[in-house]
Amino acid sequence: MTKTTKDQVAGSDTTNVESLQQGLGREEQRDSVIPKLREKSKDRTTSFESRLTRVEEGIGTVDAHMENLDQRVEGLEADIAETHEEVRKALTKLGESNRVDLQALRDEFMAEVARLRDVHQREINSLLMQLEEARGDLALCKKAILAGPTTSTVESRRVDIPKPKSFARTRNAREVDNFLWGLEQYFDVVGIIDDGAKIKSAALYLTDTAMLWWRRRQEDVKRGMCSITTFDDFKRELKR
């Protein structure tokens, strides 16, 4: 049996009322949900702001630590520079002290070498003098043997031979000539004829400034600055 028009209208109105009620229910649900969403959004925003604040505070703390660290690094660099300067000054002072000590030790060593050289030279001169005296005694013995027996002995002849006087320094040409002439007479008596022996023997009678002059001339000979090979060369240099 079909529905009448009135029934259809009534059914349609009922459907519309139900749809309207459903729509109103949805609006009420939406109205109740929106505040909750807003509350949640507000809570999230507050939480985010709180986290952001903590992050900013952490960054500020890190910046403070970094600044403190920079200050400590700068202080450490200043301490290192100061220590380096102190070490440099200490090393410089130590080097100067060692230089002074080494110079003093060198001077002391050279003075000792000069002293030993002088002692050695004196010993050599003494030995050379003894050698020349022995040569003179030998020459006298040879002459005595060749001459045969005489009223005087060889010992008395040796004693009677006067030795040349030592020569220090003088600007008097006559004294220089007398010294050289006395050497030649002595050499002739004792039988010294070799130029090298004459020069060595003559050097034994040089003292003070004259001996110093002869030592320097020997150094010049070693360097090749001059040549003194004969007794005439020696006399010429001494006169000069």
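Modeller: Asp233 is buried, with a relative accessible area of 13%. This value, like those that follow, comes from a predicted model. Asp233 is one of the buried residues of helix 6, together with Phe231, Phe234, Lys235, Glu237 and Leu238. The list thus includes charged side chains, and their partners deserve attention.

The side chain of Asp233 meets that of Arg236 in a salt bridge, with 2.7 Å from N to O. Arg236 and Asp233 are three residues apart in helix 6, so about one helical turn separates them. Arg236 itself is partly exposed, at 41% relative accessibility, whereas Asp233 is buried.

A second salt bridge joins the side chains of Asp232 and Lys235, at 3.4 Å from N to O. Here too the two residues belong to helix 6 and stand three residues apart, about one turn of the helix. Lys235 has a relative accessibility of 16% and therefore counts as buried, the limit being under 20%.

Lys239 and Asp177 meet through their side chains at 3.6 Å, N to O. This pair links distant parts of the chain, since Asp177 lies in helix 3 and Lys239 in helix 6, 62 residues apart. Lys239 is exposed, with a relative accessible area of 53%, while Asp177 is partly exposed at 36%. Glu237, for its part, belongs to a network of salt bridges with Arg217, Asp220, Arg223 and Arg240. In total, the structure holds ten salt bridges.

The packing of the helix may be considered next. The buried residues of helix 6 pack against helix 3, helix 4 and helix 5. The largest nonpolar core has 23 residues, and Phe234 is among the three that touch the most other members, the others being Phe179 and Leu183. Helix 3 (173-190), helix 4, helix 5 (208-223) and helix 6 (231-239) are the elements that each give two or more residues to this core. Helix 3 supplies the largest share, with seven residues. In general terms, nonpolar side chains tend to be buried together in soluble globular proteins.

Phe231 gives a further view of these surroundings. Leu183 touches Phe231, and also Pro164, Ala202 and Tyr205, when residues up to four places away in sequence are not counted. Lys198, which lies in helix 4 (residues 195-203), likewise touches Phe231, along with Phe187, Ile192 and Ile193, under that same exclusion of residues up to four places away in sequence. Lys198 is buried yet has no salt bridge.

The structure holds eight aromatic pairs. One of them is formed by Phe167 and Phe179, whose rings are stacked with 4.9 Å centre to centre and 25° between the planes. Phe167 lies in the loop between helix 2 (154-160) and helix 3, and Phe179 in helix 3, so this pair ties together parts that are twelve residues apart in sequence. Both of these residues, Phe167 and Phe179, are buried.

Of its 240 residues, 16% count as buried.

How values were computed
Residues are numbered from 1 along each chain as its sequence is written. This is a predicted model: local features need pLDDT of at least 70, side-chain atom pairs count only at pLDDT 80 or more; totals for chains, interfaces and linings use all residues. Side-chain values use heavy atoms; hydrogens and water are left out. Helices (H or I, at least four residues) and strands (E, at least two) are DSSP runs, numbered from the N terminus. Buried means under 20% relative accessible area, exposed over 50%, partly exposed in between (1.4 Å probe, protein chains only). Lys and Arg count as positive and Asp and Glu as negative; His and the chain ends are not counted. A salt bridge is a side-chain nitrogen of Lys or Arg within 4 Å of a carboxyl oxygen of Asp or Glu. Contact means heavy atoms within 4.5 Å. A nonpolar core is a set of buried Ala, Val, Leu, Ile, Met, Phe, Trp, Tyr and Cys residues joined through side-chain atoms within 4.5 Å. Rings of Phe, Tyr and Trp (its six-membered ring) pair if their centres lie within 6.5 Å; planes under 30 degrees apart count as stacked, over 60 as edge-to-face and the rest as tilted.
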